[in-house]
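Subject: Structure for your review

Hello,

The structure we discussed is included here, followed by notes on what turned up in it.

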Amino acid sequence: MSAKQITLFACEILGTAAFHNGIKAAPCLDVELMKMMEGFEIGNPMSIPMMKAWSKGWHGANVAAGYELLSK
């Protein structure tokens, strides 16, 4: 696994955790993600992939929670 893949996986995990911690679906509201991106210059090629990975984790957790509620 490359460093980029590890970083994106970590962002996805942060998104999942953010959902469970009640953070809204906006990557900029997650302090931990913003710490990872601290020092990035505008146009950093990792910015968008990191935010997309975070969103993937958040929305995946949201769908799973909805499915869990429906299956009860």
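One definition comes ahead of the rest: a residue is called buried under 20% relative accessible area, exposed over 50%, and partly exposed in between, with a 1.4 Å probe and protein chains only. This is a predicted model, so local features need pLDDT of at least 70 and side-chain atom pairs count only at pLDDT 80 or more, while totals for chains, interfaces and linings use all residues. Residues are numbered from 1 along each chain as its sequence is written, and side-chain values use heavy atoms, with hydrogens and water left out.

Overall layout

The protein chain has three helices and zero strands, in the order α-α-α along the sequence. Helices (H or I, at least four residues) and strands (E, at least two) are DSSP runs, numbered from the N terminus. Along the principal axes, the C-alpha atoms fill a box of roughly 45 × 25 × 15 Å. Of the 72 residues in the chain, 22% are buried. Contact means heavy atoms within 4.5 Å; among contacts with a separation of 6 or more, 67% are between residues 24 or more positions apart.

Salt bridges

A salt bridge is a side-chain nitrogen of Lys or Arg within 4 Å of a carboxyl oxygen of Asp or Glu. The whole structure contains two of them. One joins the side chains of Lys56 and Glu12, at 3.9 Å from N to O. Lys56 is in helix H3 and Glu12 in helix H1, so this pair ties together parts that are 44 residues apart in sequence. Lys56 counts as exposed because its relative accessibility is 55%; Glu12, at 25%, is partly exposed.

The other salt bridge is between Lys35 and Glu32, at 3.5 Å from N to O. Both residues lie in helix H2, three residues apart, or about one turn of the helix. Glu32 is partly exposed, with a relative accessible area of 41%.

Nonpolar core

A nonpolar core is a set of buried Ala, Val, Leu, Ile, Met, Phe, Trp, Tyr and Cys residues joined through side-chain atoms within 4.5 Å. The largest one here has ten residues, including Leu14, Leu33, Met50, Trp54 and Trp58. Helix H1 (3–20) and helix H3 (47–70) are the elements that give two or more residues to this core, and H3 supplies the largest share, four residues.

Aromatic pair

Rings of Phe, Tyr and Trp (its six-membered ring) pair if their centres lie within 6.5 Å; planes under 30 degrees apart count as stacked, over 60 as edge-to-face and the rest as tilted. A search of the whole structure gives one such pair. Phe19 and Trp58 are edge-to-face, with 5.1 Å centre to centre and 85° between the planes. Phe19 is in helix H1 and Trp58 in helix H3, 39 residues apart. Trp58 counts as buried because its relative accessibility is 11%.

Asp30 sits in the loop between H1 and helix H2 (31–36). Asp30 is buried yet has no salt bridge; the nearest side chain of opposite charge, that of Lys35, is 8.5 Å away. For charge, Lys and Arg count as positive and Asp and Glu as negative, with His and the chain ends not counted. What does the side chain of Asp30 make a polar contact with? The partner is the side chain of Trp54, at 2.7 Å. A polar contact is a pair of N or O atoms within 3.5 Å; within protein, one must be able to donate a hydrogen and the other to accept it, and residues adjacent in sequence count only if both atoms are side-chain atoms.

Regards
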